[in-house]
Amino acid sequence: MTVSTPAKKDPGIQTSVDGGIGKRSIGQRLIGANTFWIALVLLALIIVFTAIAPAEFATLFTFQTLLIETSVLLVLSVGMTFVIITSGIDLSVGSVLIFAGMVAGKTMEAMSPGGDATKAGWDVILVGLLAAVVAGTIWGLINGFLIAVANIPPLIVTLGTMGAALGAAYLLNNGSDVRSVPTELNKTLGYGTSFGGVPNLVLVAVVITLIGAWLLHTTKFGRYTYAVGSNAEGARRAGIGVTAHLLKVYTLTGFLAGVAGFLSLAYYASTTISAHTTDNLNAIAATVMGGTSLFGGVGSVLGTVIGVFIPAVLKKGFNITQVQDFWQMIAVGAVLIAAVWFDQRRRRRRNSR
(Lines give C-alpha, C1' and ligand atoms only; values in the text may rest on other atoms or scores of the structure.)
Protein backbone atom coordinates (compact mmCIF):
# COMPACT_ATOMS: atom_id res chain seq x y z
CA MET A 1 0.00 0.00 0.00
CA THR A 2 1.29 3.38 -0.96
CA VAL A 3 1.07 6.05 1.68
CA SER A 4 0.69 9.53 0.26
CA THR A 5 2.17 12.48 2.07
CA PRO A 6 0.65 15.92 1.93
CA ALA A 7 2.43 18.36 -0.31
CA LYS A 8 4.51 20.96 1.49
CA LYS A 9 2.86 24.31 1.26
CA ASP A 10 4.88 27.04 -0.40
CA PRO A 11 5.11 29.92 2.10
CA GLY A 12 5.32 32.35 -0.77
CA ILE A 13 1.78 31.54 -1.92
CA GLN A 14 -1.13 33.03 -0.03
CA THR A 15 -4.13 30.78 0.50
CA SER A 16 -7.62 31.76 1.40
CA VAL A 17 -9.67 30.26 4.25
CA ASP A 18 -11.44 27.82 1.96
CA GLY A 19 -8.12 26.43 0.67
CA GLY A 20 -8.23 28.12 -2.70
CA ILE A 21 -5.17 29.96 -3.96
CA GLY A 22 -5.48 33.63 -4.77
CA LYS A 23 -9.25 33.65 -4.14
CA ARG A 24 -9.25 36.62 -1.79
CA SER A 25 -11.56 39.43 -2.85
CA ILE A 26 -10.26 42.81 -3.91
CA GLY A 27 -11.52 44.24 -0.63
CA GLN A 28 -9.61 41.64 1.40
CA ARG A 29 -6.42 42.27 -0.52
CA LEU A 30 -6.85 46.04 -0.17
CA ILE A 31 -7.39 45.89 3.60
CA GLY A 32 -4.40 43.59 3.97
CA ALA A 33 -2.06 46.00 2.20
CA ASN A 34 0.21 48.32 4.14
CA THR A 35 -0.37 51.04 1.55
CA PHE A 36 -4.09 51.08 2.30
CA TRP A 37 -3.61 51.74 6.01
CA ILE A 38 -0.87 54.30 5.60
CA ALA A 39 -3.06 56.11 3.04
CA LEU A 40 -5.83 56.23 5.65
CA VAL A 41 -3.39 57.80 8.12
CA LEU A 42 -2.47 60.49 5.58
CA LEU A 43 -6.14 61.13 4.76
CA ALA A 44 -6.99 61.39 8.45
CA LEU A 45 -4.21 63.94 9.01
CA ILE A 46 -5.46 66.07 6.11
CA ILE A 47 -9.05 65.92 7.40
CA VAL A 48 -8.01 66.83 10.97
CA PHE A 49 -5.89 69.82 9.95
CA THR A 50 -8.53 70.99 7.49
CA ALA A 51 -11.15 70.87 10.22
CA ILE A 52 -8.92 72.72 12.71
CA ALA A 53 -7.72 75.46 10.34
CA PRO A 54 -9.69 75.36 7.08
CA ALA A 55 -8.81 78.90 6.02
CA GLU A 56 -5.06 78.34 6.39
CA PHE A 57 -4.50 74.62 5.67
CA ALA A 58 -7.01 73.83 2.91
CA THR A 59 -5.62 76.30 0.39
CA LEU A 60 -4.00 75.97 -3.00
CA PHE A 61 -0.90 77.77 -1.75
CA THR A 62 -0.47 75.30 1.14
CA PHE A 63 -0.68 72.28 -1.12
CA GLN A 64 1.64 73.84 -3.69
CA THR A 65 4.15 74.47 -0.92
CA LEU A 66 3.75 70.91 0.32
CA LEU A 67 4.46 69.53 -3.14
CA ILE A 68 7.52 71.71 -3.63
CA GLU A 69 8.96 70.92 -0.20
CA THR A 70 8.61 67.16 -0.72
CA SER A 71 9.93 67.01 -4.30
CA VAL A 72 13.61 66.57 -3.48
CA LEU A 73 12.94 64.05 -0.71
CA LEU A 74 10.60 62.12 -3.01
CA VAL A 75 13.34 61.65 -5.61
CA LEU A 76 15.68 60.37 -2.90
CA SER A 77 13.00 58.07 -1.52
CA VAL A 78 12.28 56.46 -4.88
CA GLY A 79 15.87 55.25 -4.98
CA MET A 80 15.67 54.19 -1.33
CA THR A 81 12.61 52.07 -2.14
CA PHE A 82 14.63 49.91 -4.53
CA VAL A 83 17.45 49.53 -2.00
CA ILE A 84 15.25 48.55 0.94
CA ILE A 85 13.23 46.09 -1.16
CA THR A 86 16.53 44.26 -1.81
CA SER A 87 16.90 44.06 2.00
CA GLY A 88 19.61 46.71 1.94
CA ILE A 89 20.03 50.22 3.27
CA ASP A 90 21.71 53.42 2.07
CA LEU A 91 22.69 55.92 4.73
CA SER A 92 24.76 57.98 2.29
CA VAL A 93 22.05 59.48 0.06
CA GLY A 94 21.86 62.79 1.97
CA SER A 95 25.63 63.28 1.79
CA VAL A 96 25.70 62.24 -1.87
CA LEU A 97 22.97 64.81 -2.55
CA ILE A 98 25.12 67.50 -0.92
CA PHE A 99 28.24 66.39 -2.79
CA ALA A 100 26.42 66.30 -6.15
CA GLY A 101 25.01 69.79 -5.59
CA MET A 102 28.47 71.05 -4.61
CA VAL A 103 30.07 69.53 -7.73
CA ALA A 104 27.36 71.08 -9.92
CA GLY A 105 27.78 74.48 -8.28
CA LYS A 106 31.58 74.47 -8.52
CA THR A 107 31.43 73.28 -12.14
CA MET A 108 29.10 76.12 -13.13
CA GLU A 109 31.29 78.62 -11.28
CA ALA A 110 34.38 77.33 -13.07
CA MET A 111 32.69 77.83 -16.44
CA SER A 112 31.58 81.40 -15.61
CA PRO A 113 33.63 84.63 -15.90
CA GLY A 114 35.13 85.59 -12.56
CA GLY A 115 33.64 82.50 -10.91
CA ASP A 116 30.20 84.13 -10.74
CA ALA A 117 27.60 81.76 -12.20
CA THR A 118 24.55 83.90 -11.44
CA LYS A 119 24.30 85.08 -15.07
CA ALA A 120 25.14 81.73 -16.67
CA GLY A 121 22.95 80.37 -19.47
CA TRP A 122 21.54 76.95 -20.18
CA ASP A 123 24.74 75.64 -21.72
CA VAL A 124 26.49 76.04 -18.36
CA ILE A 125 23.42 74.81 -16.46
CA LEU A 126 23.23 71.58 -18.47
CA VAL A 127 26.91 70.88 -17.83
CA GLY A 128 26.22 71.44 -14.13
CA LEU A 129 23.35 68.94 -14.29
CA LEU A 130 25.60 66.38 -15.97
CA ALA A 131 28.27 66.95 -13.30
CA ALA A 132 25.73 66.40 -10.49
CA VAL A 133 24.38 63.20 -12.04
CA VAL A 134 27.85 61.78 -12.69
CA ALA A 135 28.98 62.66 -9.16
CA GLY A 136 25.97 60.90 -7.62
CA THR A 137 26.31 57.88 -9.89
CA ILE A 138 29.98 57.42 -8.96
CA TRP A 139 29.12 57.27 -5.27
CA GLY A 140 26.35 54.79 -6.08
CA LEU A 141 28.84 52.63 -7.97
CA ILE A 142 31.23 52.74 -5.02
CA ASN A 143 28.46 51.64 -2.66
CA GLY A 144 27.32 48.91 -5.03
CA PHE A 145 30.83 47.55 -5.57
CA LEU A 146 31.65 47.39 -1.86
CA ILE A 147 28.30 45.79 -1.00
CA ALA A 148 27.74 43.43 -3.93
CA VAL A 149 31.29 42.51 -4.92
CA ALA A 150 33.32 42.99 -1.72
CA ASN A 151 30.44 41.59 0.39
CA ILE A 152 30.65 44.28 3.06
CA PRO A 153 27.33 44.87 4.92
CA PRO A 154 25.32 47.78 3.46
CA LEU A 155 25.03 49.47 6.85
CA ILE A 156 28.81 49.67 7.24
CA VAL A 157 29.51 50.66 3.64
CA THR A 158 26.96 53.44 3.45
CA LEU A 159 27.80 54.69 6.93
CA GLY A 160 31.37 55.08 5.69
CA THR A 161 30.45 56.73 2.39
CA MET A 162 28.02 59.02 4.20
CA GLY A 163 30.94 60.59 6.04
CA ALA A 164 33.27 60.44 3.06
CA ALA A 165 30.85 62.15 0.65
CA LEU A 166 30.04 64.88 3.16
CA GLY A 167 33.74 65.45 3.89
CA ALA A 168 34.50 65.63 0.16
CA ALA A 169 31.72 68.20 -0.27
CA TYR A 170 33.21 70.37 2.46
CA LEU A 171 36.66 70.09 0.89
CA LEU A 172 35.41 71.30 -2.49
CA ASN A 173 34.49 74.73 -1.10
CA ASN A 174 36.47 74.96 2.14
CA GLY A 175 33.51 74.04 4.30
CA SER A 176 31.09 76.67 3.03
CA ASP A 177 28.07 76.63 0.73
CA VAL A 178 28.17 77.51 -2.95
CA ARG A 179 25.88 80.51 -3.40
CA SER A 180 26.68 81.55 -6.96
CA VAL A 181 23.88 79.72 -8.74
CA PRO A 182 22.45 80.73 -12.15
CA THR A 183 19.42 82.98 -11.74
CA GLU A 184 17.89 81.34 -14.79
CA LEU A 185 18.06 77.93 -13.09
CA ASN A 186 16.46 79.23 -9.90
CA LYS A 187 13.78 81.14 -11.80
CA THR A 188 12.89 78.33 -14.21
CA LEU A 189 13.36 75.05 -12.36
CA GLY A 190 13.43 76.27 -8.77
CA TYR A 191 10.36 78.53 -8.78
CA GLY A 192 8.95 78.31 -12.31
CA THR A 193 5.53 76.85 -13.07
CA SER A 194 3.83 75.19 -16.03
CA PHE A 195 0.32 74.06 -17.00
CA GLY A 196 -1.41 76.87 -15.18
CA GLY A 197 0.55 76.94 -11.95
CA VAL A 198 2.10 73.51 -11.42
CA PRO A 199 5.67 74.01 -10.08
CA ASN A 200 8.32 72.74 -12.48
CA LEU A 201 10.20 71.16 -9.59
CA VAL A 202 7.12 69.08 -8.81
CA LEU A 203 6.73 68.06 -12.46
CA VAL A 204 10.29 66.74 -12.54
CA ALA A 205 9.74 64.81 -9.29
CA VAL A 206 6.47 63.36 -10.62
CA VAL A 207 8.10 62.19 -13.86
CA ILE A 208 10.95 60.53 -11.96
CA THR A 209 8.48 58.89 -9.58
CA LEU A 210 6.37 57.54 -12.45
CA ILE A 211 9.47 56.15 -14.15
CA GLY A 212 10.52 54.56 -10.87
CA ALA A 213 7.07 53.00 -10.45
CA TRP A 214 7.15 51.67 -14.01
CA LEU A 215 10.63 50.25 -13.49
CA LEU A 216 9.77 48.57 -10.21
CA HIS A 217 6.32 47.21 -11.00
CA THR A 218 6.34 46.33 -14.70
CA THR A 219 9.88 45.41 -15.76
CA LYS A 220 12.30 42.51 -15.30
CA PHE A 221 14.52 44.83 -13.28
CA GLY A 222 11.70 45.32 -10.79
CA ARG A 223 10.91 41.60 -10.58
CA TYR A 224 14.56 40.86 -9.92
CA THR A 225 14.58 43.53 -7.20
CA TYR A 226 11.72 41.81 -5.36
CA ALA A 227 13.29 38.38 -5.89
CA VAL A 228 16.66 39.41 -4.49
CA GLY A 229 15.02 40.97 -1.43
CA SER A 230 12.76 37.98 -0.81
CA ASN A 231 15.50 35.36 -1.04
CA ALA A 232 18.88 36.26 -2.49
CA GLU A 233 20.11 32.66 -2.59
CA GLY A 234 16.88 31.48 -4.21
CA ALA A 235 17.16 34.25 -6.79
CA ARG A 236 20.75 33.22 -7.53
CA ARG A 237 19.72 29.59 -8.04
CA ALA A 238 16.94 30.78 -10.36
CA GLY A 239 19.56 32.32 -12.62
CA ILE A 240 19.41 35.93 -11.47
CA GLY A 241 22.77 37.70 -11.29
CA VAL A 242 22.35 38.94 -7.71
CA THR A 243 25.75 40.65 -7.59
CA ALA A 244 25.17 42.55 -10.83
CA HIS A 245 21.64 43.48 -9.83
CA LEU A 246 22.66 44.90 -6.46
CA LEU A 247 25.35 46.91 -8.21
CA LYS A 248 22.68 48.36 -10.52
CA VAL A 249 20.29 49.15 -7.65
CA TYR A 250 22.87 51.09 -5.64
CA THR A 251 24.06 52.86 -8.78
CA LEU A 252 20.46 53.89 -9.51
CA THR A 253 20.12 55.23 -5.98
CA GLY A 254 23.31 57.28 -6.39
CA PHE A 255 22.06 58.58 -9.74
CA LEU A 256 18.79 59.75 -8.17
CA ALA A 257 20.69 61.37 -5.28
CA GLY A 258 22.66 63.30 -7.90
CA VAL A 259 19.45 64.46 -9.56
CA ALA A 260 18.03 65.43 -6.15
CA GLY A 261 21.18 67.44 -5.43
CA PHE A 262 20.70 69.44 -8.61
CA LEU A 263 16.99 70.01 -7.86
CA SER A 264 17.89 71.26 -4.39
CA LEU A 265 20.49 73.60 -5.88
CA ALA A 266 17.87 74.97 -8.27
CA TYR A 267 15.31 75.55 -5.49
CA TYR A 268 17.50 77.03 -2.77
CA ALA A 269 19.99 78.79 -5.10
CA SER A 270 22.64 77.37 -2.75
CA THR A 271 24.00 74.00 -1.69
CA THR A 272 22.43 74.47 1.79
CA ILE A 273 24.54 71.78 3.43
CA SER A 274 22.89 72.13 6.84
CA ALA A 275 19.41 71.60 5.38
CA HIS A 276 20.21 68.09 4.13
CA THR A 277 22.05 66.49 7.02
CA THR A 278 19.05 64.31 7.95
CA ASP A 279 17.78 63.61 4.41
CA ASN A 280 19.06 60.02 4.57
CA LEU A 281 17.00 59.27 7.68
CA ASN A 282 13.98 61.10 6.26
CA ALA A 283 14.13 59.04 3.06
CA ILE A 284 14.41 55.78 5.01
CA ALA A 285 11.55 56.78 7.32
CA ALA A 286 9.31 57.80 4.41
CA THR A 287 10.00 54.56 2.56
CA VAL A 288 9.33 52.35 5.59
CA MET A 289 6.22 54.34 6.59
CA GLY A 290 4.97 53.75 3.06
CA GLY A 291 4.96 49.99 3.61
CA THR A 292 8.34 48.94 2.24
CA SER A 293 9.63 46.17 4.49
CA LEU A 294 13.04 46.51 6.13
CA PHE A 295 13.27 42.72 5.76
CA GLY A 296 13.13 43.03 1.96
CA GLY A 297 10.89 41.71 -0.78
CA VAL A 298 7.91 44.01 -0.10
CA GLY A 299 7.27 47.59 -1.11
CA SER A 300 5.81 49.98 -3.65
CA VAL A 301 6.53 53.41 -5.06
CA LEU A 302 2.95 54.50 -4.32
CA GLY A 303 3.48 53.64 -0.68
CA THR A 304 6.68 55.66 -0.65
CA VAL A 305 4.85 58.68 -2.07
CA ILE A 306 2.34 58.46 0.77
CA GLY A 307 5.13 57.98 3.29
CA VAL A 308 6.89 61.11 2.06
CA PHE A 309 3.79 63.23 2.56
CA ILE A 310 2.97 62.15 6.11
CA PRO A 311 5.85 64.07 7.79
CA ALA A 312 5.32 66.99 5.40
CA VAL A 313 1.62 67.26 6.26
CA LEU A 314 2.38 66.96 9.97
CA LYS A 315 4.99 69.71 9.81
CA LYS A 316 2.78 72.03 7.78
CA GLY A 317 -0.26 71.34 9.95
CA PHE A 318 1.62 71.89 13.19
CA ASN A 319 3.09 75.13 11.90
CA ILE A 320 -0.31 76.43 10.86
CA THR A 321 -1.93 75.41 14.16
CA GLN A 322 1.05 76.81 16.09
CA VAL A 323 2.04 73.49 17.65
CA GLN A 324 5.73 73.08 18.48
CA ASP A 325 7.81 71.24 15.87
CA PHE A 326 8.99 68.79 18.54
CA TRP A 327 5.57 67.15 18.45
CA GLN A 328 6.09 66.44 14.77
CA MET A 329 9.18 64.38 15.61
CA ILE A 330 7.19 62.40 18.18
CA ALA A 331 4.29 61.83 15.76
CA VAL A 332 6.55 60.74 12.88
CA GLY A 333 8.44 58.40 15.20
CA ALA A 334 5.17 56.84 16.38
CA VAL A 335 3.95 56.29 12.81
CA LEU A 336 7.31 54.79 11.82
CA ILE A 337 7.30 52.33 14.72
CA ALA A 338 3.68 51.41 13.98
CA ALA A 339 4.56 50.73 10.31
CA VAL A 340 7.40 48.39 11.26
CA TRP A 341 5.24 46.65 13.85
CA PHE A 342 2.47 46.13 11.29
CA ASP A 343 5.01 44.70 8.84
CA GLN A 344 6.34 42.27 11.44
CA ARG A 345 2.83 41.07 12.25
CA ARG A 346 2.11 40.49 8.59
CA ARG A 347 5.34 38.51 8.14
CA ARG A 348 4.55 36.32 11.15
CA ARG A 349 1.06 35.58 9.83
CA ARG A 350 2.46 34.73 6.40
CA ASN A 351 5.17 32.44 7.78
CA SER A 352 2.73 30.60 10.05
CA ARG A 353 0.60 29.45 7.13
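This is a predicted model: local features need pLDDT of at least 70, side-chain atom pairs count only at pLDDT 80 or more; totals for chains, interfaces and linings use all residues.
Residues are numbered from 1 along each chain as its sequence is written, and side-chain values use heavy atoms, with hydrogens and water left out.

**The chain as a whole**

- The chain contains 15 helices and two strands, where helices (H or I, at least four residues) and strands (E, at least two) are DSSP runs numbered from the N terminus.
- Of the 353 residues in the chain, 47% are buried, a word that stands for under 20% relative accessible area, with exposed meaning over 50% and partly exposed the range in between (1.4 Å probe, protein chains only).
- Among the contacts in the chain with a separation of 6 or more, 76% are between residues 24 or more positions apart, a contact meaning heavy atoms within 4.5 Å.

- Leaving aside neighbours within four places in sequence, Leu 185 is in contact with Met 108, Ile 125, Gly 190, Phe 262 and Ala 266.
- Helix H8 (residues 183-190) packs against helix H12 (residues 242-268) at an angle of about 100 degrees, and their axes are 7 Å apart; axes are lines fitted to C-alpha atoms, for helices over the stretch in contact, and angles run from 0 to 180 degrees between N-to-C directions.
- H8 and H12 are therefore roughly perpendicular to each other, on a scale where angles under 35 degrees count as roughly parallel, over 145 as roughly antiparallel, 65 to 115 as roughly perpendicular and the rest as oblique.
- On the H8 side this contact is made by Leu 185, Asn 186, Leu 189 and Gly 190, and on the H12 side by Phe 262, Leu 263, Ala 266 and Tyr 267.

**Phe 255 in H12**

- Phe 255 is placed in helix H12 and counts as partly exposed, at 33% relative accessibility.
- Not counting residues up to four places away in sequence, Phe 255 touches Val 133, Gly 136 and Thr 137.
- Although Phe 255 and Ala 132 are 123 residues apart along the chain, their C-alpha atoms are separated by 8.7 Å.

**Two loop residues with positive phi**

- Ser 87, in the loop between helix H4 (60-85) and helix H5 (93-110), has a phi near 70 degrees, a positive value in a residue other than glycine, and Ser 87 is partly exposed, with a relative accessible area of 38%.
- Asn 151, in the loop between helix H6 (122-149) and helix H7 (154-172), is likewise not a glycine and has a positive phi of about 60 degrees; at 61% relative accessibility, Asn 151 counts as exposed.

**Spans annotated in UniProt**

- An unreviewed UniProt entry carries the annotation "transmembrane region" for several spans, including residues 152-172 and 193-216; such positions are given in the numbering used here, feature names are shortened, and annotations may be inferred rather than shown by experiment.
- Residues 152-172 are 90% helix and 0% strand, with end C-alpha atoms 28 Å apart.
- Residues 193-216 are 71% helix and 17% strand, and their end C-alpha atoms lie 29 Å apart.
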